[in-house]
Amino acid sequence: MNLIKKIVALFSISFYQFSVAQVVNDSIKSTKLQEVIITGTRTERSVATLPLPTQIITGESIKKSGLSRLNEIIQEQTGLITVPDFGGGEGIQMQGLDATYVMILIDGQPLLGRSAGTLDLNRISVNNIDRIEIVKGASSCLYGSEALAGVVNIITKKPAITNEIKGNMNYKRATFDTHDVSTTLEYGKKKIGAELFGNYFKTNGYNISESDFLRTVEPYYNFTIQPKIKINFSDKIDLSLNSRIYHQNQDYKSEITTSKYYGASQINEWNNSIVLNQTVSDRFKLVYDLYATNYKANEFLKDENDQLFDESNFNQWYYRPEIRSHYRFRKNTLSTGIGVNYETLDRTYFENKATLNSEYIFGQFEWFIKEKWNVLAGFRYDNHHQYQPQFSPKVGINYKWNNNFSIKSSVGYGYKAPDLRQLYFDFTNSSVGYTVLGYNVAEEKLALLQSQGQILFTNGFTFSNPLKPESSVNLNFGGYYKKNQWSFDYNFFYNTIKNLIDTRAIAQKTNGQNVFSYFNIDKIFTYGLELNAAYKTNSNFSISAGYQYLIAKDQNIVEKIERGEVFARDPITLSSFKLKPSDYFGLYNRSKHTANIKINYLIPAIKTSVNARVFYRSKYGIFDSNNNNILDKYDDFVKGYFLTNLTLNKDFKYQISAQVGVINLFDYKDENNIPNLAGRQFFTRIQYQF
C-alpha cells in the first residue's frame, strides 16, 4: 500500500470514529492523577501503568535545586550524562547513546540547532518549567528521526484563566559575574488566558585552561521571551498559541600559531505553534497542530588589524502540520496521526540550500486487559524523499502483580536519518588543509579536486548506494514498586545500532591532508541496569538514590579482538601483544558506573529547607593514548569523581522567598579532560510572587 492509500485509510478511520462518537457516552476526559506523563503516548497516562522506562522531573524539585539552565538539571538525573562539545555547549547521553540520538522537545515541539550534531542545553531556561518528561529507549514510533535513544520533553507552565494579574519575579546572582533575571505575568478573563515569560542571562564565562587568551567558555548573554495565549471557544473547542523568541551573543576567539583573532557568534531562534483541540464527543478528540521554527547562527573572526579572517552562517527552517485523533472505548485508546515535515538548511560550506521533506503516519493502541494487563502497541511510517522510507514499530506490556508492584517490558525500533551536514557538507579547513565532504556531493567534489591536481591518491570508496539511516532495536525490562513511604523502580536495557554513520578518509591530498566523507560503517551495542529508590518519612524529609551500570561497545572491534587482530604495546618493554576481550573497555566518554543521592529536609519552625545532592561518575576514556585505535584498559582514563551540590531555601512573608547555594562544593576540576566542570560556584536568588 503506497503512502496516499495509507493517508486515505487513516482519514477513513478518523471519519468512522467521528460518526461512531456521536452516539456513545463513554468518557475521554482526563482524570486528575498524582503523577502523569504525556510524552510516551501523546495522551495523559499514569507513570505507574505506562509500560515504558520513564522519568519525571517536577517543577518543585527544579525550584528547590536553585538551578537555572536545562543542562544543570539534566546532569543531576539517574542515567543521564551531559557531554560537552567543542563550543562549550552540552548534550545528553542516554542509555549510553550519543546526544545526537536524543530528541529535545518544548511543549511537544522539536528544537533545532544541531550545527555539529549536538543540541546545546544551555540555551534553555528552566524558570518557567512545569515539569520535564523523559522517555528512555527508541521512540521513533511517535517522534520519527532523532528519537533513537529517547525523548526529553520540557513542558512549560500553562496560562491560567483568572480575573487578576498574577506572576513572579526572581533574580539570581552567581560566580563568574553571572546574572539570571526572570519574570512571569499571567492574566485571564472569561474564556481567554494569557501568559508572558521573560528571561535574561549573562555570564563572563570561565577559564580552566592554561591559555591567557582563549577562555574555556567565552562571555555571553542571552534572553528568552515566551508569550502564550489560550482561548476556550466552548467546552469542546480550545486554541493554544505559543511562541518562543531566543537571542544569544557570545565572544568568539581563535588562535592559529602566533596569530590571534577576535569576533562574535550570534544565535537567533523563534518557535511558533498553533494547536486546536476539538472534543467531538466524550469518546473522540481531534488535535490540529501547526508548528514552525527558524534557527540562525552566525559567527565571524577578524585579525588584529580588524580585517575579516573567517565568517560562517547557519540558517535552518522547519515546518510541520500534523493532525491527531484519540478515540476511547472503555479504558482503551486508539491514537492516530498524519503529518508533513519540511526542512531547509542554508549554511556556509553548502553549495546550495539543502532540503529534507517527508510525510508520515502513525498509530498507537493502548489496551487494558481486565485489571492486570496493559498493552501498548504502535507504529510510524515515514516516507522520506531523500533516502529510503522508515517503518518504526514498538510494543510494551505492563503487568500489575498487585496493588504495590508492576512489571513492564518494551521493545522498539528507532532510527536517525542522515542530517544535512552528512549529506551536503563541503568544508576545507583553511589553516590545516583537510577537507570534509557530505555523502551526496562527495563524488562530484572529489572529481573536481582531482581535476585541479589536489589529489595524490584515492582509497577506492564508491557512492553508488544512498547513505542509509542509522537504525536501532531497543529492549527494556523493569518493574515499579510503591508502598507506604517507599518507592523503587529498576530497568534492564539493551540497544543495538547498525549502519552507524562515521567519517572515513576517501583520499589523500597533495598537501598530505585527508579528504573525509560519511559512510555507514559500524555496529554498536549498549546494555545495562538502572535503579531508583526513594523514601519519604513525612512532608518534611525525603531521600532518594539512583544508579546506572553501563556497557557500551563497538561490535566490529569485539569481533576483531576475538580473531586476534588487535594489539597493544607494553609501555616498558615496547613489545606488542594481542588484546583479550576483557581488555576492551568500550566506547569513548562512557562510564560503567554513575550514581546519585538526594536529600531534602524541611525545618517548619523557620520555614527553611535543605536540599543536598551528591553525584558520582566512574572513570572513562576520551582518547586512544596507546595508538591502537580502540579504548582498552591500557589507555589513559579520566579518573572517577564526586560532585556535591547544596541549596538552602527560605520562605518569608509577603510571598518572598530566597535561596543560597553552592554547585561543586568541593571544587573538583580537571582542566585537561572535563571542560564543563568550572569549579566551585556560589549563588543566591530572591523571588517575589504576586
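This is a predicted model: local features need pLDDT of at least 70, side-chain atom pairs count only at pLDDT 80 or more; totals for chains, interfaces and linings use all residues.
D651 is in contact with K607, I656 and S657 once its neighbours within four places in sequence are left aside. The residue sits in strand β34, which covers residues 641-651. D651 counts as partly exposed because its relative accessibility is 45%, a value between the 20% and 50% cut-offs.

The loop between β33 (608-617) and β34 holds another aspartate, D632. With a relative accessible area of 0%, D632 is buried. Not counting residues up to four places away in sequence, D632 touches A568, L579, D583, Y584, F585, N626 and F637. For one of these, F585, the C-alpha distance to D632 is 4.9 Å, although the two are 47 residues apart in sequence.

Among contacts with a separation of 6 or more, 62% are between residues 24 or more positions apart. The secondary structure consists of 7 helices and 36 strands. The radius of gyration is 26 Å, close to the 26 Å that the globule rule gives for 690 residues, so the protein is as compact as a globular protein of that length. Along the principal axes, the C-alpha atoms fill a box of roughly 75 × 65 × 55 Å. Of the 690 residues, 51% are buried. The accessible surface is about 32,400 Å², and carbon and sulfur atoms account for 55% of that area.

S358 belongs to strand β19, residues 354-369. Its relative accessible area is 3%, so S358 is buried. Beyond its neighbours within four places in sequence, S358 is in contact with G339, V340 and N341, and also with N383, H384 and H385. The C-alpha atoms of S358 and N383 are separated by 5.3 Å, while the residues are 25 apart along the chain.

The other serine, S410, is in strand β22, residues 405-416. S410 counts as buried because its relative accessibility is 4%. Leaving aside its neighbours within four places, S410 is in contact with P51, L52 and P53, with V395 and G396, and with N474, L475 and N476.

Next comes one of the helices, α6, made up of residues 439-451. Its 13 residues should span 18 Å at 1.5 Å a residue, and the end C-alpha atoms are 19 Å apart, which agrees. Which residues of α6 are buried? They are Y439, V441, A442, K445, L446 and L449. The cover over these buried residues includes a helix, α5 (420-424), together with the strands β23 (426-428), β24 (435-437), β25 (455-458), β27 (486-509) and β28 (514-538). After α6 comes G453, which has a positive phi near 75°.

Most residues other than glycine have a negative phi. D177, which is not a glycine, has a positive phi of about 50°. This aspartate lies in the loop between β10 (166-174) and β11 (178-189). D177 is partly exposed, at a relative accessible area of 27%.

D306 is likewise not a glycine and has a positive phi of about 65°. The residue is found in the loop between β16 and β17. Is D306 buried or exposed? At a relative accessible area of 52%, D306 is exposed; the cut-off for that label is over 50%.

Q307 is found in the loop between β16 (284-302) and β17 (308-329). Not counting residues up to four places away in sequence, Q307 touches L301 and K302. The C-alpha atoms of Q307 and Y261 are separated by 9.6 Å, and the two residues are 46 apart along the chain.

Methods. Residues are numbered from 1 along each chain as its sequence is written. Side-chain values use heavy atoms; hydrogens and water are left out. Helices (H or I, at least four residues) and strands (E, at least two) are DSSP runs, numbered from the N terminus. The radius of gyration is taken over C-alpha atoms; the globule rule is 2.2 Å times the number of residues to the power 0.38. Buried means under 20% relative accessible area, exposed over 50%, partly exposed in between (1.4 Å probe, protein chains only). Contact means heavy atoms within 4.5 Å. Accessible areas come from the Shrake-Rupley method with a 1.4 Å probe; for residues, only the protein chains shown count as cover. The expected span of a helix is 1.5 Å times one less than its number of residues.
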